[in-house]
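The following note accompanies the model under review.

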Amino acid sequence: MIARVCLLASFSLIAPALSAAQGAAPSPDADPRIEKIVASISEERLKELLTKLVSFGTRNTLSDQTSTTRGIGAARNWILEEMRRSSEKLRVSFDTHQIAQQGRITRPVDLRNVMAVLPGRSPRRIYVSGHYDTVNIGGQNVSNAAVPGAAAAGGDRRADVEVEANGANDDGSGTVLTMELARAFAESGIQFDATLVFITWAGEEQGLVGSNVHAEDLKKANVPIEAVFNNDIVGNSIGGNGIRDAESIKVYAIGPEDSPARSLARFIRKTAAVYVPSHRVRLMAREDRFGRGSDQSSFSQNGFPAVVFREANENFERQHGANDRIDGVDFGYLAQNARVNAAGVASLALAPPAPKVTNDRGGNLLSRDPSGYDATMRWNASPGAVAYKIYWRDTWTNDWEHSQTIGNVTQFTLKNVNIDDFVFGVSAISAEGRESMVSAYVSPVRAGTTIKRQQ
């Protein structure tokens, strides 16, 4: 029985933990700084931003780039200037890419993501995003396969790229959420450890083009991306089935069970319970909705932890068509979803980075030492950490069952706990009590052996 397990760490490991931080009173779960950011999210500003965004008529990636009042060119210029206006602390720019004709991109196009950077004390980055481009293919489609000709090479999902495509919810909701968080964080007066990037993507409706080229560039440059909070369709509370749900939000995270994306999703649910307790975070153990996707996949495919937020109950008739109007957006619900994002981003940005639990060759720092029947966890020290917290759970459960806060050490042993029977993890804790995501020790998949056959 796990209750009878003896927890053991040698005195030599415990001794360094006897610090001032350990002797101080425990920190409250809720940080007043984070509470202030969450409270600053404005429902009225979200509505004001979205009202302007939909006024451009269409934001199709292949629409007019020169008009000042209509099309994607006007929309992206407004997003750029609005984020600059919202705070002088933001470094706002276009992330520009020249995209050749391919797939749904039926002609070469100047594609521009709009990016606002709030520099932190460290280069590790946390992303908040939504896509600002739109498409009108008639609505009521729930997968690319349902759109005639969409899967065919050269199809752009609509021959007339100038047709009305307001995209109020898909994904104007995620766009204005990103813009509002950029303002709230920049004006908070807080110096975050992590560098925050608020970015709105173009080319999502043509195959995640804008996020794909951006994530590829990050990987080539070896930029440390700790987390991606992607938001796509997060503003409607009444589903096409007539059921209303304004009290929950879905968070999709690609596996396996203890992937960095799953760790991020658990972290989001944990922080939301503290700062937005009336809003339920529903963790979804898959990359995205069945047969569909969004920009978080561009990051997952390049090895970065990424999740996507989705509204609780979708109305497919208000997506990818003329019906996706602003009257279908519940701004109180959108604001709550923005607050859940804000709580997770702020908590992560103020915490130390998660400990690294693998060696330089990617091998787990988990062993059966010293007896052969114990669980000894090792990890690399996290900058800014004054203590660590170990976690473990039964292998068949999805979330952590047991935990113990320990000192400022990089090794801990659970005596007589067989590493075959449990999953283990460790997080880092700052002097202010802010905790990182949990880094799990993931059992590697064994490589197969090619058997030679007798000829």
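Helices (H or I, at least four residues) and strands (E, at least two) are DSSP runs, numbered from the N terminus. Residue numbers start from 1 along each chain as its sequence is written. The model is predicted: local features need pLDDT of at least 70, side-chain atom pairs count only at pLDDT 80 or more, and totals for chains, interfaces and linings use all residues, while side-chain values use heavy atoms, with hydrogens and water left out.

1. Confidence. The average pLDDT (the predictor's confidence in each residue, from 0 to 100) of the chain is 91, and 90% of the residues score at least 70. Residues 1–22 stay under 50, and the model has 27 contacts (heavy atoms within 4.5 Å) for them beyond four places in sequence. Residues 143–156 are also below 50, with 21 contacts beyond near neighbours in sequence.

2. The loop residue N60. N60 is located in the loop between α4 and α5. Its relative accessibility is 3%, so N60 counts as buried (under 20% relative accessible area; exposed is over 50% and partly exposed in between, with a 1.4 Å probe and protein chains only). The N60 side chain comes to 2.9 Å from the backbone nitrogen of L62. Leaving aside residues up to four places away in sequence, N60 touches I72, T134, V135, V161 and Q206.

3. Helix α4 comprises 12 residues (residues 43–54), which should span 16 Å at 1.5 Å a residue; the end C-alpha atoms are 17 Å apart, which agrees. The expected span is 1.5 Å times one less than the number of residues.

4. The buried residues of α4 are R45, L46, L49, L50, L53 and V54. They lie on the same side of α4, because they cover an arc of only 155° around the axis, taken from the directions from the helix axis to the C-beta atoms. E44 and E48 are exposed on the other side of α4. Among the elements that cover the buried residues of α4 are α5 (72–86), α6 (172–186) and α10 (331–350).

5. The sheet. An open sheet of 4 strands is ordered β13-β12-β15-β16, and its pairing is antiparallel. Strands β13 (402–406) and β16 (439–440) form the edges, each pairing on one side only; two strands pair if DSSP finds at least two bridges between them. Strand β15 (residues 422–430) is joined to β16 by 2 bridges. In one of these, G425 has A440 of β16 as its bridge partner.

Technical notes
A polar contact is a pair of N or O atoms within 3.5 Å; within protein, one must be able to donate a hydrogen and the other to accept it, and residues adjacent in sequence count only if both atoms are side-chain atoms.
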